[in-house]
Amino acid sequence: MPLPDQRVLARRDEIIKALRQIVPGEGVIDAPHELRPYESDGLTAYRQPPMVVVLPETVEQVAAVLRYCKGQNIKVVPRGSGTSLSGGALPLADAVLLGMGRFKKILEIDYEDRLAVVQPGVTNLAITKAVEGEGFYYAPDPSSQIACSIGGNVAENSGGVHCLKYGLTTNNVLGVQLVTMEGEILRFGGKALEAPGLDLLGIIVGSEGLLGVVTEVTVRILPKPETAKALLIGFPSVESAGQCVADTIAAGIIPAGMEMMDKPAIHAAEAFVQVGYPLDVEALLIVELDGPEAECSHLIQEVEAIARANQAGMIRISRDEAERLAFWAGRKAAFPAVGRISPDYYCMDGTIPRAKLPVVLQRMNALSEQYGLGVANVFHAGDGNLHPLILYDANKPGELERAEEFGADILRLCVEVGGVLTGEHGVGVEKRDLMPAMFSEDDLRQQQRLKCAFDPELLLNPGKVFPSLHRCAELGRMHVHRGALPFPELPRF
Amino acid sequence: MTPQNTKEVCEIIGQALADGEKLEIVGGGTRAQIGAPREIPTLCLAGLSGILEYDPAELVLTARAGTPLAEIEAAVAERGQGLAFEPYGAAGSTIGGVLAAGVAGARRVSAGGARDHLLGFEAVSGRGEIFRAGAKVVKNVTGYDLPKLLCGSWGRLAALTEVTLKVLPRAPERVTLCWRGLADEPAFALMRAALRAPCDVAAAAHLPGEATMLRLDGVGPSIAARRDYLGAALAAYGPPEALDDAAPLWARVQGGAGLTTEAPLWRLSLPPRAALGAIAPLLAAGGAYLADWAGGLIWLALEGREALIREAADAAGGHATLMRAPAEIRARIPALHPQALGVEALSRRVRRGFDPMGIFETNRFLDEADAD
Ligand SMILES: Cc1cc2nc3c(=O)[nH]c(=O)nc-3n(C[C@H](O)[C@H](O)[C@H](O)COP(=O)(O)OP(=O)(O)OC[C@H]3O[C@@H](n4cnc5c(N)ncnc54)[C@H](O)[C@@H]3O)c2cc1C
Ligand SMILES: Cc1cc2nc3c(=O)[nH]c(=O)nc-3n(C[C@H](O)[C@H](O)[C@H](O)COP(=O)(O)OP(=O)(O)OC[C@H]3O[C@@H](n4cnc5c(N)ncnc54)[C@H](O)[C@@H]3O)c2cc1C
């Protein structure tokens, strides 16, 4: 992480006083024991109490805080609910932690145009809860949906088990209001399907809190499908399960969800929730289909036939909503279930071309032996997004480090076979130093120039995503031709 | 200039940088009519052609950016797949041009636009540097989502040399439900009601005075069930006809093709509910229109009244793009809708991040005061 700025730390009291002028009352937290809860996010291996926490309530306060910090050269780390699994909201010792938790209002729901305008602190699930009475829902459904905020979802471009069919956050957001580090309040997108000019909304989503602070989000809401049915299918090998997934897609079927679990994950989940997962299979697939009853029944038959052709052993088809939810219960509780069989676990998030699944699992098993650490796999099988859960014990000296190295090897492996470092959890601090495995120096510099257009002093969430912090002036260096520089008034990144 | 590979693209851009010259990036050159008239040497990407990788089971296709759209469509159709955003173009249109122009057809309303289907790319920036972003898998959040930014960038950031697209299975069947002769208000209400129903309506369009259409894509039993549901839910509008071949009707909506070519053509993106109100003064001024995307996209043919059109779009929370007009008008009226000052300034800084010397700034969009 960037070294703490001693000049800023020396002025801590003065800074807190100034922040209290902007956000009065309980909105500024500086007592050490009250800073504790903010010292990490969902990636708890990294901890650092912030210099101070500010919890603004209005967009004007957000703008004033950022303007002040920019003027004083103080770093700012935005935070939603703090469930990031990549350390995106990890505080810095010399930074303001800007918590958006008080932005809890649903501002507008428009069923005619099928959208909702909400503040960033509203939880993902709260959006669905607010519109389900009218038969609507918000599609992206991260497993953390009861806790994570929509602002955090926008920053991480979060996914969920239904994103194969319904897309990630980015495909479901129509617009945002964003405050830049300058304190400028800007709008990108809105209620129309398309916005004029460059698609800056497209890069703000997934920008991990590096480009601005999101203060309002307009999301698409969808009419809830009439029915949903699920199949629970056991396979004698991971290969046959993988082939079933490929054949399903090749048959032109895009299920609402298609999740795979390997043997260790199945056993952990069944021990935890007892929903009748078969224990004698090597891989388990949950395939969910949604739509009109007639469509579900029709496609269920097709998927069933494809599964049989791929040596499926057990096949169960949900007979009612309770049974469908039971199928999901084990998968949805996979993380805590693994948490029960191992003191600690470390969740990875690479994506691979699906065809590479058998070789990736084979090599992962070899790595597992090499590092002496177990691994359980849950897998968004439809889109190739792996979640290997590395089992370790933080109390045993050296195990955390080994788990991290094991994880890094898995991610390098994902890139090697044509995949990526992260499918939905973000780069954060966790995968920052792996970025060169996927991108060249020129690729990374081009991305950083985008950062420079929004925040040239690199004050917003520094130390995340990019392995090296180039100064913007350095990134902008360009030969001058014939002594004439076009656009002399503009910084060039 | 028509380079044949990425290295040659770099060389041409490098030469332009050295000479202080500007370049206009083109694909098939079929959209040259958008924007102010200009005489700029072109950098034509059509020489970079051909599909590089296509794996139907992975749902991804990688092609050189100058590959004709038609070639890609044919290749995926052969495997029962398609581009869900239904891009379209003239005979020579390239995939790079389609993406850079952000072209999306009727299914935009349900399946997303070009931006939602570009997964990764290789490009050459205005610095003459090759860079990549995104990836060749369907799910990825590593780094900024530059593919979104390149879609609809109109050749102002970088020359795309290779693109990776998400492809999806093509629905085996499709049917169009058509109501004849509905007035505008009920037609728009019908489209909105249809999209609120749990019927996965793929597309909804209105040809005033003529036809109001809903398209259902999918497997047979599903289409039948959704047809019944919609028939009941929309009973107030009378029974629809089911058209097996509605392609000619949809083709007239696409790109505003069914409107007169005598008047300038505008494309208004609006919140559907506000659309009719927004265009009322434009129709009163003699405009004719076609509506797609359940009312969220209005193709408008109207002589003059440029300020009124932009005001109407603004007031409704949308924007208006000038798609076709005589050169004299294009020289005066920016093709792209002006943006809020702060966003405009930020966009300019972003463009300079890709193209510091402004070699792709041809003043086509009348928004670079100091570009020549
Ligand atoms: C048990 C568990 C299960 C999970 N399951 C999933 C899953 O299925 N799919 C998935 O994609 N993720 C999952 N996650 C990860 C996490 O929940 C998501 O990344 C979520 O979007 C983070 O939201 P948050 O509000 O907690 O954000 P935080 O953790 O507070 O912040 C995340 C990032 O967003 C930035 N940020 C937050 N709010 C704002 C704002 N208003 N403006 C600008 N930047 C902001 C922060 O700076 C940080 O970089 C899971 C996490 C846990 C703990
Ligand atoms: C709103 C709209 C309406 C349309 N209406 C019609 C119509 O009525 N009839 C019809 O036949 N088609 C129409 N089209 C479709 C259009 O002709 C093509 O689909 C496509 O945009 C042009 O492809 P092209 O290769 O000819 O691109 P070009 O016209 O060459 O370029 C289009 C834009 O993309 C940029 N560009 C091209 N290639 C690249 C690249 N490799 N990298 C970076 N930038 C690039 C160019 O600079 C230019 O700004 C319409 C498109 C749009 C967006």
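Predicted model: local features only at pLDDT ≥ 70, side-chain atom pairs only at ≥ 80, totals over all residues.
Local features need pLDDT of at least 70, side-chain atom pairs count only at pLDDT 80 or more, and totals for chains, interfaces and linings use all residues. Side-chain values use heavy atoms, without hydrogens and water.

The shell around ligand 1 holds 32 residues, each with a heavy atom within 4 Å of the ligand. Pro78(A), Gly80(A), Thr83(A), Ser144(A) and Ser149(A) are the closest. By class, 18 shell residues are polar, 10 nonpolar and 4 charged; Gly counts as polar, and Asp, Glu, Lys and Arg as charged.

Strand 3 (75-79), helix 6 (150-156) and strand 10 (213-220) of chain A each give at least two shell residues. Helix 6 of chain A provides the largest share, 5 residues. Helices are DSSP runs (H or I) of at least four residues, and strands (E) of at least two. Domain 1 (6-99) and domain 2 (106-223) of chain A each contribute at least three residues; the bounds come from an automatic or database assignment.

Polar contacts are pairs of N or O atoms within 3.5 Å. A backbone N or O atom of Pro78(A) lies 2.6 Å from a ligand 1 oxygen. For a polar side-chain atom of Asn153(A), the distance to an oxygen atom of ligand 1 is 2.8 Å. The protein covers 93% of the 980 Å² of accessible area (Shrake-Rupley, 1.4 Å probe) that ligand 1 has on its own.

How values were computed: Residues numbered from 1 in each chain as written. Chains lettered and ligands numbered in written order. Polar contact = N/O pair within 3.5 Å; in protein donor to acceptor, adjacent residues only side chain to side chain.
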